[in-house]
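Here are my notes on this model, point by point. Please read them beside the coordinates.

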Amino acid sequence: MARKPDTSAIELKSATLEAMRAVLRSNDSAAIAAALDARLGGMPGFFSGEPVVIDCSELPADARPDLPAIRDALGRHALTAVAVQAACDAAADDARTLGMAVLAADSAPRSASTPAPEPVPTPEISAPAPAPAPEPVAAALPEAMVTQAQRRTEIIDKPLRSGQRIYARGCDLVVLAMVSAGAEVIADGNIHIYAPLRGRALAGASGDTEARIFTTCFEAELVSIAGVYRTFEHTASGELLRRPAHVRLEDHSDKQVLTVAALATT
């Protein structure tokens, strides 16, 4: 008599999982890898361990990106490609061969041709470090800008110790306690810190160049908006040290510059 299988060994349930989206704006795998290195090379571990959906919706309808090369480029930054979206039939077959899921396109229409990449501005850096490009030529991590109407706000009311990281995905972040040196706060929208900022703050993480950072006590190690970042030696920034400050991107000739200015509170 055949033994009845024990189905209690596994249970299948529906789930909604969050993943970043890598929007391909070029079919050149070398350009995509270079854009990833430029955006993330100066901030190792920025999105470490995150699953990624490779979005082909902005490529021509018959484009067949080199998915193994793109997967490997993501993997060098500790990102895991788990699915492909809006891919042509050949690219979808490639994805299945790699063990990746294939997702249908969104309702937005597929572009007829690949738009020409915009010039890559040079970020302003106050200490030697690899310079990431503020706007990637070939890929956006994750999906491009979240509009203000779509945002909610995440609130943190406990101090962040060294090594801790908070990521407010798709929204603004409000921190009501100290961000210690070695801690990191990240948001796709704006960051408001009503306490000392001694670690790193990265706003506009999904590419929103209009995002800003506010703090009532500026002692930051690093600030970044949409991939443009500055590091600080506080002996060289005494006029801002421990004062309210405001960080934003400004256009200067052919590049975007990260500016940090005193914030009037009275």
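1. In which sense do strands S12 and S15 pair, and over how many bridges? S12 (residues 213–218) and S15 (residues 245–252) are antiparallel, with three bridges. Strands are DSSP runs of E, at least two residues, numbered from the N terminus; pairing needs at least two DSSP bridges. Ile 213 stands opposite Val 247 in S15.

2. On provenance: this is a predicted model, with local features requiring pLDDT of at least 70 and side-chain atom pairs pLDDT 80 or more, while totals for chains, interfaces and linings use all residues. Numbering starts from 1 along each chain as its sequence is written, and side-chain values use heavy atoms, without hydrogens or water.

3. S15 also joins S16 (residues 255–262), antiparallel, through eight bridges. Asp 251 faces Gln 256 of S16. Two residues lie between the strands of this hairpin, and Ser 253 has a positive phi near 50 degrees.

4. The largest nonpolar core has 32 residues. Core members are buried (under 20% relative accessible area, 1.4 Å probe, protein chains only) Ala, Val, Leu, Ile, Met, Phe, Trp, Tyr and Cys, joined through side-chain atoms within 4.5 Å. Leu 173, Val 185, Ile 191, Val 223 and Ile 225 touch the most other members. Strand S10 (residues 191–197) gives the most to this core: four residues.

5. Look at Ile 225. Beyond four places in sequence, its contacts (heavy atoms within 4.5 Å) include Ala 203, Ile 213, Val 247 and Leu 258. A second, separate core of 24 residues includes Ala 22, Leu 40, Cys 56 and Leu 79.

How values were computed. Buried means under 20% relative accessible area, exposed over 50%, partly exposed in between (1.4 Å probe, protein chains only).
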